[in-house]
Amino acid sequence: KKWKQLSRLQRSVILFLFAFLAVCGVISYTSMGEPWKSLTNKSLDDQRAEPEIPGLKLANPAVLPAPQKADANLGDYPELSLQKLPKLPHVRRGPSNLQIKPPRRDVRLKAQHDTGRVVEELVQADKEEKTEKSVISWRGAVIEPDQSTEPPSSKIKEPEKPSSVEAEDQKEPVPINERQMAVIEAFRHAWKGYKDFAWGHDELKPLSKSYSEWFGLGLTLIDALDTMWILGLKEEFEEARKWVANELAFDKNVDVNLFESTIRILGGLLSTYHLSGDSLFLEKAKDIGNRLMPAFKTPSKIPYSDVNIGRGTAHPPRWTSDSTVAEVTSIQLEFRELSRLTGDEKFQKAVDEVMKHVHTLSGKNDGLVPMFINTNSGQFTHLGVYTLGARADSYYEYLLKQWIQGGKKENELLEDYMRAIEGVKKHLLQRSQPKKLTFVGELAHGHFSAKMDHLVCFLPGTLALGAHNGLTADHMKLAEALTETCYQMYAQVETGLSPEIVHFNLHAQNGHKDVEIKPADRHNLLRPETVESLFYMYRFTGDKKYQDWGWEILQNFNKYTRVPTGGYTSINNVQNPSNPEPRDKMESFFLGETLKYMFLLFSDDIDLINLDKYVFNTEAHPLPIWVPA
């Protein structure tokens, strides 16, 4: 009936198309043979199990719950807006709000004999193409729903045989370039000093060729395990593994700091377990995790700062009953992952209670939090002082990273993060003179201070990570501006190395730079925060200037902090190139963070710790993102 309603010309065109398609079908079938037949007969589940298209990043889970199956009929999800997918580039870099992944659709072809239905299906196919992918708009952010059904490490329930997330991608390794080789050489030089003079101890003193102890748990060795794995240093890794297996024991009558031992030891062991698949590291992680739990036995559930891991007791510092806000809110990634691996909910329950409690507290200023919290009352103390530096910094970092780790489902975390960034922009952002650098200052009882810790240079990387995960694009713009500022904290100094703290000039003065340094603040501890942000910025934008800036920093570390007999040392005076006044101490984070981020910064392999599969803890230990089951 519909056929008769068509004009003669329309019928002629349709008959011609059918003849043409029939001929093409015969040619395709005869030229491709059985493989063509097997392709078209694959089930949808089989196709979904195929490896991803090279060069494409995994799409990220949505803020709101995503439907279990892709369906062109979105009647049950009226809040979803429709958007046609753009043409996919071969390799995606850059801070686009929309993360793209290969479309998962049934390509099975069925023979059609009813010519009346063909006309209708050609039109319907066009409609379905437009509804094939949907996005969720949230405060200007565009986030793609995830249709994945597999967890990131499908063998995690069998601790003896974990699956390394990286190992899932069977692809040709990207060659190591010259700058990465320079990082490997720097690591080996640092490791030589540690091995020769501080083996099994916490930190190297490279000038005096000795060591210092903090907890007596081999901090530098544990912090460096996953760095060695990522850098491909197999011999060094195996030697360190033997020490962990034979010498590392936590049944010691020693007080450890809950935060530092969590991010360095627990985080380092968990990360190394995921990368290597060696259950030794998970067993050690469970041991230290259990020994840290007494810290949470407080009236408020806000943990004490110190734990005796041998006696099973915990206490606040001698001088106060307060804990630092950053410390109690920056242990969550590690304890949550420990619960996921062991099936024991107590670890995650303890740290989740902390976050839920802090979420409800008064005393915040547009999302900004004070630096201290009382373990008895559970209330903020020393109100009115707000900073993104020491004692508060990683609170903001872990808001975003917990949200990412958990599959973007915990909206309280996202709300607190977004509100805090708005608070930063409202109260703490200023521009310096003469270069008009955007910086993050501090607020004390209503008075603004142009003081910025080097620690704050974590922020541009965190902002970029949020933008990569679909948050508002202005976060990336702010990240770019702050990364420039952090680089200038190095470039405007005589040694090319940043001091611990800078003060920015708010008013133009002849002969003055943007950055001013006070004598008490001019030390450099080999910190990683700027290099960390350079890594994120290069990974998301592909702009080579970030690699070049990192290369300058590495060269200056080699020039002013390298000790000939092995190791690197922190220095007291970044303003004196002729005598930077070495402090005779190599912090464990130089190997655990700084050199790791350097190596990743210089890599063009986006799958070398893929940021759609891993989230870094605040000590640069990558932990897997939980993809919804």
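This is a predicted model: local features need pLDDT of at least 70, side-chain atom pairs count only at pLDDT 80 or more; totals for chains, interfaces and linings use all residues.

Colleague: Take F535 and Y536. How do their rings sit?

Modeller: The ring centres are 5.2 Å apart and the planes meet at 50°, so F535 and Y536 make a tilted pair.

Colleague: Are F535 and Y536 buried or exposed?

Modeller: F535 is buried, and Y536 is buried too.

Colleague: And what about Y536 with F540?

Modeller: Y536 and F540 also form a tilted aromatic pair, with 6.2 Å centre to centre and 35° between the planes. F540 is buried, as is Y536.

Colleague: Where do Y536 and F540 sit along helix α18?

Modeller: They are four residues apart in α18, so about one helical turn separates them.

Colleague: Which residues are in the cluster that ring pairs link?

Modeller: F535, Y536, F540, Y597 and F616.

Colleague: Switching topic. Where does UniProt put the "active site" feature?

Modeller: The unreviewed UniProt entry places it at E260, D393, E500 and E529.

Colleague: Start with E529. Which helix is E529 in?

Modeller: E529 lies in α18, residues 529-541. That is the helix that holds Y536 and F540.

Colleague: Is E529 buried or exposed?

Modeller: Buried. Its relative accessible area is 9%, and the cut-off for buried is under 20%.

Colleague: What does E529 touch beyond its neighbours in sequence?

Modeller: Leaving aside residues within four places in sequence, E529 contacts H454, L455, C457 and F458. With H454 there is a polar contact between side chains, at 3.1 Å.

Colleague: Now D393. Which helix, and which contacts?

Modeller: D393 is in α14, which covers residues 393-405. Not counting residues up to four places away in sequence, D393 touches A326, L388, L455 and F458.

Colleague: Why does D393 count as buried?

Modeller: Its relative accessibility is 14%, and anything under 20% counts as buried.

Colleague: Let's move to R336. Where is R336, and how buried is R336?

Modeller: R336 is in helix α12, residues 332-342. R336 is buried, with a relative accessible area of 0%.

Colleague: What does the side chain of R336 reach?

Modeller: A polar atom of that side chain lies 3.1 Å from the backbone oxygen of Q402. R336 has a list of contacts outside four places in sequence, including Q348, V351, D352, Q405, E410 and W626.

Colleague: Last topic, the sheet with β12. What is the strand order?

Modeller: β12-β15-β16. These three strands form an open sheet with antiparallel pairing. In general, strands of a sheet pair through backbone hydrogen bonds.

Colleague: Which strands are at the edges?

Modeller: β12 (385-386) and β16 (447-449). Each has a single partner strand, so one side of each has no neighbour in the sheet.

Colleague: How many bridges join β12 to β15?

Modeller: Two, and the strands run antiparallel; β15 covers residues 442-444. In β15, A444 is the bridge partner of V385.

Colleague: What packs on the sheet?

Modeller: Helix α15, residues 411-428. Helix α15 touches β12, β15 and β16, and its direction makes about 75° with that of β15.

Notes
Residues are numbered from 1 along each chain as its sequence is written. Side-chain values use heavy atoms; hydrogens and water are left out. UniProt positions are given in the numbering used here, feature names are shortened, and annotations may be inferred rather than shown by experiment. Buried means under 20% relative accessible area, exposed over 50%, partly exposed in between (1.4 Å probe, protein chains only). Contact means heavy atoms within 4.5 Å. A polar contact is a pair of N or O atoms within 3.5 Å; within protein, one must be able to donate a hydrogen and the other to accept it, and residues adjacent in sequence count only if both atoms are side-chain atoms. Rings of Phe, Tyr and Trp (its six-membered ring) pair if their centres lie within 6.5 Å; planes under 30 degrees apart count as stacked, over 60 as edge-to-face and the rest as tilted. Two strands pair if DSSP finds at least two bridges between them. Axes are lines fitted to C-alpha atoms, for helices over the stretch in contact, and angles run from 0 to 180 degrees between N-to-C directions.
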